[in-house]
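Here's a quick briefing for anyone opening this structure for the first time. Have a look at the sequence and the model, then read on.

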Amino acid sequence: MGLLIRIVLAFMKVSAIAFGGAYATIPLVEEEAVVVQGWMTYGEFADLIAIDEITPGPILINSATFVGMRVAGIPGAIAATVGCIIIPCIFVMILLVLYRRFHDSALMEGAMVSLKCMAVALIASTFIKLGLNALLPEGVAPDLATGIFSVAVICGAFYLINQKKISPLPVMLGCGAVNLLAHLLFL
Amino acid sequence: MSRDGKDRSSRLGKLLPLFLATFTISMTANSGYAILAVMKDDFVNKREWFTEDEMADLIAIVQSAPGAMAVNASMVVGYQSAGFLGSLAAVVGCILPPLVVMIIVTAFYQVIVSNEFVYLFMRGMQLGVVGMLLDVIIGLFVNVTKGRGAYPLIIMILAFLYVRLSGWSILYLAIACALAGVIKASLIAKREES
């Protein structure tokens, strides 16, 4: 029971500061699950983000369910999801009541811009860590050919999403398939 | 039947459609912005439960609250259509697909991740995630810096140094950022007054 309460509290904290869209939640889950609580390794976290991209639903709920499930099974998964909902629910209800006043408020807008700037910085930091983890996975000897191939896959994914506007799901599956084939055939 | 009774039955009648709508939306989209777009189409154009203007206000509320946008949007749309129960039906519809799918995936994750093929496939997806995050960063960066001068850049650099170097909780950073934004906005408001 103590563990379930800890899960709820952990995700209440994550969801309370998750401003700036789905991807802004990734660094927060990383901090809480990997660093503060030590519930998963960085490698597992990297797997989780990949899984988030190929499963339906909001990324925060996916991440919370994964972490909760790994820590305490199905009750943990439900506890984590409930934790993610409580604080936003309170926020939304307050905003609904006061909404005209808040909607036009320059102060609210100012706070939101700063929080979005923070989100960019946090995602950039996670980008660096995930990039290093993807290029130099733990327990695998670095190898030049694999490194060059990996950078090419990263650039390819970026190109398809940024320039060709292809949605992340097929790109992720494609990257997985290309990597698997390359390792089976020549790497 | 009294007006209240009629109102209540029409509200109850909306619970199942609400649940099914958010369930379907959550099943088919996973980025917050995609979900908002589908929701708008569903509730404004198809069901006509809200006007375009009402929906724009609701979306503004959703984007000002923390957490998963899809859940917040379900909450607001459900509440405005059918009160507390509507909100509950919509939120449950929204979280059920990810909850069930992720419980199944996680249960299998522990078993299949040790398989070499799965491992290589996951490694490839992790590379894809890195490329995708680069796109996300560029998109957000442009969105938040456009026409706002040096202030966003300063906040970004300070926040970046904070997370890379300090090792303190992001919670304090979030509070500091929100305060900085409020202070800056109130200074501008004062200057405009005088």
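This is a predicted model: local features need pLDDT of at least 70, side-chain atom pairs count only at pLDDT 80 or more; totals for chains, interfaces and linings use all residues.

Residues are numbered from 1 along each chain as its sequence is written, and chains are lettered from A and ligands numbered from 1 in the order in which they are written.

**Chain B**
- α4(B) has a kink of about 145°, centred on Ala82(B); the bend at a residue is the angle between axes fitted to the seven residues ending there and the seven starting there.
- Chain B has 7 helices and 0 strands.
- Its radius of gyration is 22 Å, well over the 16 Å that the globule rule gives for 194 residues, so chain B is more spread out than a compact globule. (The radius is taken over C-alpha atoms, and the rule is 2.2 Å times the number of residues to the power 0.38.)
- The C-alpha atoms of chain B fill a box of roughly 70 × 65 × 30 Å along the principal axes.

**Chain A**
- Chain A has 8 helices and 0 strands.
- Its C-alpha trace spans about 60 × 45 × 25 Å along the principal axes.
- Helix α3 (residues 42–54) and helix α6 (residues 106–135) of chain A pack at about 105°, with axes 11 Å apart. (Axes are lines fitted to C-alpha atoms, for helices over the stretch in contact, and angles run from 0 to 180 degrees between N-to-C directions.)
- α3(A) and α6(A) are therefore roughly perpendicular, a label for angles of 65 to 115 degrees.
- Where they meet, α3(A) brings Tyr42(A), Gly43(A), Ala46(A) and Ile49(A), and α6(A) brings Leu130(A), Asn133(A) and Ala134(A); contact means C-beta atoms, placed from the backbone, within 7 Å.

**Where the chains touch**
- The contact takes 88 residues from chain A and 75 from chain B.
- On chain A's side, α6(A) gives the most, with 24 residues.
- That side of chain A has 63 nonpolar, 18 polar and 7 charged residues. (Ala, Val, Leu, Ile, Met, Phe, Trp, Tyr, Cys and Pro count as nonpolar, Asp, Glu, Lys and Arg as charged, and the others, Gly among them, as polar.)

How values were computed: Helices (H or I, at least four residues) and strands (E, at least two) are DSSP runs, numbered from the N terminus. Angles under 35 degrees count as roughly parallel, over 145 as roughly antiparallel, 65 to 115 as roughly perpendicular and the rest as oblique. Two residues are in contact if their C-beta atoms, placed from the backbone, lie within 7 Å.
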